Structure formats: structure tokens, C-alpha cells
Amino acid sequence: MLDTLLPILIAAALALAVIGAGRRVRLWRQGRPARVPLLKGLAAMPRRYLVDLHHVVARDKVMSNTHVATAGGFVAAAALMILVHGLGLAEGVLGWLLLAASATMFVGSCFVARRRRNPPSRLSKGPWMRLPKSLMAFSLSVFAITLPAVGLLPEDFGSWILALVLSAVLVWGLGEMFFGMTWGGPMKHAFAGALHLAFHRRAERFGGGRSTGLKALDLDDPEAPLGVETPSDFTWNQLLGFDACVQCGRCEAACPAFAAGQPLNPKKLIQDMVVGMAGGSDAHYAGSPYPGKPVGEHQGSAHGPIVAREGKALVDAETLWSCTTCRACVEECPMMIEHVDAIVDMRRFLTLEHGNTPNKGAEVLDNLIATDNPGGFDPGARMHWAADLELPLMADLQQVDVLLWLGDGAYDMRNQRTLRSLVKVLRAAGVDFAVLGNEERDSGDVARRLGDEATFQSLAKRNIATLAKYRFQQIVTCDPHSFHVLGNEYGELGGHYRVYHHSTFIAELYEAGRLAFRPWKGGSVTYHDPCYLGRYNGEFEAPRNVLRALGIQVAEMERSGFRSRCCGGGGGAPITDIPGKQRIPDMRMNDVRETGAELVAVGCPQCTAMLEGVVDSGAEVRDIAELVADALVEVPAGSAAHGKGQARTARPQAEEVV
């Protein structure tokens, strides 16, 4: 009886899966066109799945092993089941391999069941709670019906009743594994996720690469949309990426805005985009809601507005403005979904089309347009803080080794102390440097994160034109936001530069023997990783190397390195100022307090401002440049890299940028 039923059941499951796949593809194709190398992406998919994706999954060793057993067992069991029971190729080793694969899958499903017995709050419930049973049903039924095929049980073992029971259990498993995979069940991520890896909008992330710069809008094309108004305004592979979400909630657990009680949950946001793509409401969402916003309030369609001025919509505007763009969600996502890209795309529409930037957002954007800086300060006052330093100007020298990019911290009295310290360090090391002075404009980072792509591109193009007048080998800045924009986002507009964060540059100066320090005699120190230096650009070690060179043993916070908690200062969040239950910088200073550190070292003006703004913090906040400047001692005259005469050759040379 099973010999007759099995090929029919398998063929029916495959046919339904193919129909579901076609339906799913049509949903994705509602999005805008995107150039994707289809064959190259499909060829790269196995490596991206087995190496790149598992590099993220492996951060949780138990779940990594569980995933290997369950997913690997399923893929092998499904393929072998088609051969053994669908095509009748049970002879030889295939049947035994099928037994091994289904047994491995069953072991993995036991761990999934254990995980679901008392699941953490970040995991979605609802249909996901039945997943362990479905995995067990598939693996056990396949194992049982294969025993006679390999001769471990007689072919006529049992009765027709047993055959029907096994068939029913197999139908259950096939329904979840094949039908649900393409029609929208808990296993949907297995189908969409694999294709998402193949057609990812940031293919350069794979193979150990890094891609964090926002993609530019074509403002010269009158037909190009200014941001994303509806789900169908996303590119088709972005919609595919949303559909790949496994609802594990790692992004939710990492999100500083969610932890602070602001109305943002990155997992819920992605699921709302899936709801909009297919049409409907979020009433069936079974995970954590946006803080303060119950499930069931949001609905939409593929061609309807994501954020509506009146009535129900997929997302409230304040959800989008809560994001600090820290990329903690992206860093933790095992499916490598790009949450921040989607949020900024939606912000672009609100800002460019509606002028809907909350609180001080509109004022800051107006200041950037009028004065080239977000504070609205007199552009001619950019260098007032350095009147006594006699800083060399690019306009006078025309060519130097290092262009020192000041950033808009030049208008801030607190950050001026950092800049003065950095100048002292550069001079102590004999670095050949100069500044743009009043020719420098805002890098455009704030405008871009607030969605004003037009102002960003205007600022960027004018800065690029200014930089093109001079010759230098590298740019150094103490602002990770300027560091990121100049190094990773100006290139699309024609500006290609070697850019260094000051911590990296100082570390290299020390390694070259051009700096010497007196021993550290202060108290205990911890270090806060800026998001735009760490997660965005992968620089975690250079600041710590500098602190070690000072003789400081860093007391690491629990959330540090790539899992560092955001200070709350990125993405224009202090400007839009969406309220929550607590402030993000307060939470970060609590992390500092847990280390017992008396001082927190930072490497970002935004982080300095946010952390120093915490009342009764109990720890002093100082930039790395300040610590280095205070510890400087004169380099011995006989050292290999002493003096300005060797400053030009002590660092590896790069092509001059014209």
C-alpha cells in the first residue's frame, strides 16, 4: 500500500510546493526592478549558506549545531526521499543514507522542541510552536517507512491501518516542510532565505566582505521614486529579504530603541513589510509588538501607503524615527536582512515628499541648507576654536600627507577639546597635516540618515569639489560618522579617499615609534565602541591597542565589540527625539557602571555628548585623543621615526588623491 501511496504523496507535495513558489515569486516581483546576477548568485548560494550565514548562526553554539542537524538532515532527507520512495531507488546505499539523514533531523528536532518548551520572549510563538512537532512528524515517518525499504523490517510489516497512520503522519510533515515552505508557514524562511542569499542586494557582504554605506538615489531621474512610499516601492530582492525573516528575534534583543521602550521592534517592522507585500493586517503576528502599540492596529497592501497621514497603515511614522541606524539588528540577523536600508528608504519618502521630519528635524535640515552645518552656526566661525593653534590650511600648502577633517564638532566646545588634543598628538608625531578650514562643510551624514538625500548629495558634491583642488594621501578624523560617509558613501558620487579614524591613525603612529607615553596612573577604564566605527567599519582593535599602549587594562562591558550597545546618538535620533520608557545613553552608562570603571574611553563626538549628558553617571567620559595627549612624552632623538623629516615615509604610502 505504501509503495503506491508514497510516490503520489511526494508528487502532490512537490506540485503544491512549486505552485506556492510561483505565487511567492509573484509577491516579490511586485517590487521595483533590481539588477541581480541570477546564475552567479545561485552558484554562490551554497557557500553563502554554509559559510557566511553560519558564521552568524554559530554565535549561539547550541542553536548552530541544532540548525546543522535539523536543516542539514532535512535537505538530505528530502532529496533522498524523492529518490528512494518517489523514484523507487532504494537499492544499495541510498536507503541507508536516508535513514541516517532522517535520524539526524529527528535529533535536531528534539533540540528545537526543547528550545520551544519555554521559549525566550524574543522568539515568535503562534504557528512556530507547532514546528518541533512537524519536524518530528516528517523525520520519524520518513525513517519508519524506509525501514522496510532497506530490509530492516519485512516489506509487509504491519497492517493497512499502520500504513494509513504512517501516511497521515507523513502528510503532516510533508505539508509543513514542502507546502508551508512556499505558502507561508513557519518553514517559509527555508525557501525565501536561500533565494535571499543568492540575490542579496549587498552581495559584497559575502566572502568576508563588508558593505554598510547607504545606496544613493538617482536625483537626476524624474521617474525614480524619492524613497519608499508603498511596499511595492522596495526592490524585489528587498521584498524577498523581508520574506526570509525567521522571526528569531535576535534583532529585537539587540535593538537599543526597543530596549528603551520606544515604538520600534525591527522584527515586527520586517513582518509588517511582509504583511504589506501580501496584503492584510498584523492581527496574526505572534511576536513582541512595538512597545506601547498593541498588535492588530496596522494593516496595508502592496500598493498602499506604508505610513498614512490618516487612518490605519502598516507602520507609524514614529516607529521609523526611533531608529538610531546602529546596525545592531543587521549584525545579529542570521538571514542577513538589511533593516536599516529599509528604514532609511522609508524616511526618505517622508522627508523628501512630505517634509515630515519630527521635532527639530526640519530645523536641522534647514540649517544644513543655509549654513552647511546642522547647528546653524556662522560658517566663517568654524576655525575660531583654533585661533591660537596656527593650523596649516590646505589652501596655503596645496599638498600634504594628511588632511585633518574637523567635522561639525568644531562648533562644539566639548569636542573642541578633543580636536585640540588630536592636533597636539599629530604635532608630537611630526605628521605633515593641514585642514580645510572654512572650506570644510558638513559631511552630510545627518541629512542622509534623516532621509534628506538631496541635501546630502549637495553637501557631498561640494566637499568632493573642494577636496579635488588639493593633493593628500589620507584623511584623518575623530568623527566616525564623517569617517564612514567620506570613506564608504562619497565613492558613489565620485569621491574616493583613504580615510582613517583617529584611533587607527594613532595606533599606527605608536607602532611606528613616533609616539611615546608615560605609564597610566589613573583608575579603571572601560571602552565604548561607536557604532559607526565598529559595526559599520569593523574597527574594534585599534582603539583598544591605543589604550593598551597607554598601559590601560580595559574592563570590557558585557555588550562590547560588535555587540556594543548604541549610545543613542546616531541616525538623527537626538534630533527626532522619540520618547520611550528610558533613555538609551542611560542604559549604556548602566553598562559602564556594572564594570566598576571610573572612566569610559570613547572615540566619537556623538558618543561623548550622549554619555556625558547622563545625570549622575559616576564615570568620566574622555576621548582617546585626550588620553593620548595627556600621556605624551617626547620621543627619544635617536628613535627610528623621530622628527618631521621622516613623517612622510613612516607610514605605508598610498596613491595620492587628486
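First, the ground rules. The model is predicted, so local features need pLDDT of at least 70 and side-chain atom pairs count only at pLDDT 80 or more, while totals for chains, interfaces and linings use all residues. Residues are numbered from 1 along each chain as its sequence is written, and side-chain values use heavy atoms, with hydrogens and water left out.

Let me start with the whole chain. It contains 26 helices and 11 strands; these are DSSP runs numbered from the N terminus, where a helix is H or I over at least four residues and a strand is E over at least two. The C-alpha atoms fill a box of roughly 95 × 60 × 50 Å along the principal axes.

Of the 658 residues, 57% are buried. Buried means under 20% relative accessible area, exposed means over 50%, and partly exposed is in between, with a 1.4 Å probe and protein chains only. For contacts (heavy atoms within 4.5 Å) between residues at least 6 apart in sequence, 77% join residues at least 24 apart. On charge, there are 66 positive and 69 negative side chains, and the centres of the two sets lie 4 Å apart. Here Lys and Arg count as positive, Asp and Glu as negative, and His and the chain ends are not counted; each charge is placed at NZ of Lys, CZ of Arg, CG of Asp or CD of Glu.

Now the core. The largest nonpolar core has 153 residues, and Phe-138 and Phe-178 have the most contacts inside it. Helix α1, residues 2-28, gives the most to this core, with 8 residues. By nonpolar core I mean a set of buried Ala, Val, Leu, Ile, Met, Phe, Trp, Tyr and Cys residues joined through side-chain atoms within 4.5 Å. Leaving aside residues up to four places away in sequence, Phe-138 touches Phe-74, Ala-77, Met-81, Met-105, Gly-173, Leu-174, Met-177 and Phe-178.

Next, helix α21, residues 502-511. Because 7 of its 10 residues are buried, α21 is largely enclosed by the rest of the structure. Those buried include His-502, Phe-505, Ile-506 and Leu-509. Just after α21, Gly-513 takes a positive phi of about 80 degrees.

Which brings me to the loop between α15 (361-371) and α16 (394-397), where His-384 is found. Most residues other than glycine have a negative phi. In this loop, Asp-372 has a positive phi of about 65 degrees, and Glu-390 has one of about 50 degrees. Asp-372 is buried, at 14% relative accessible area, whereas Glu-390 is exposed, at 69%. His-384 is also exposed, at 57%. His-384 and Asn-438 are 54 residues apart in sequence, and their C-alpha atoms are 10.0 Å apart.

Last, Ala-308, in the loop between β2 (299-300) and α12 (317-321). Ala-308 is partly exposed, with 25% relative accessibility. Its C-alpha atom is 9.4 Å from that of Glu-229, 79 residues away along the chain.
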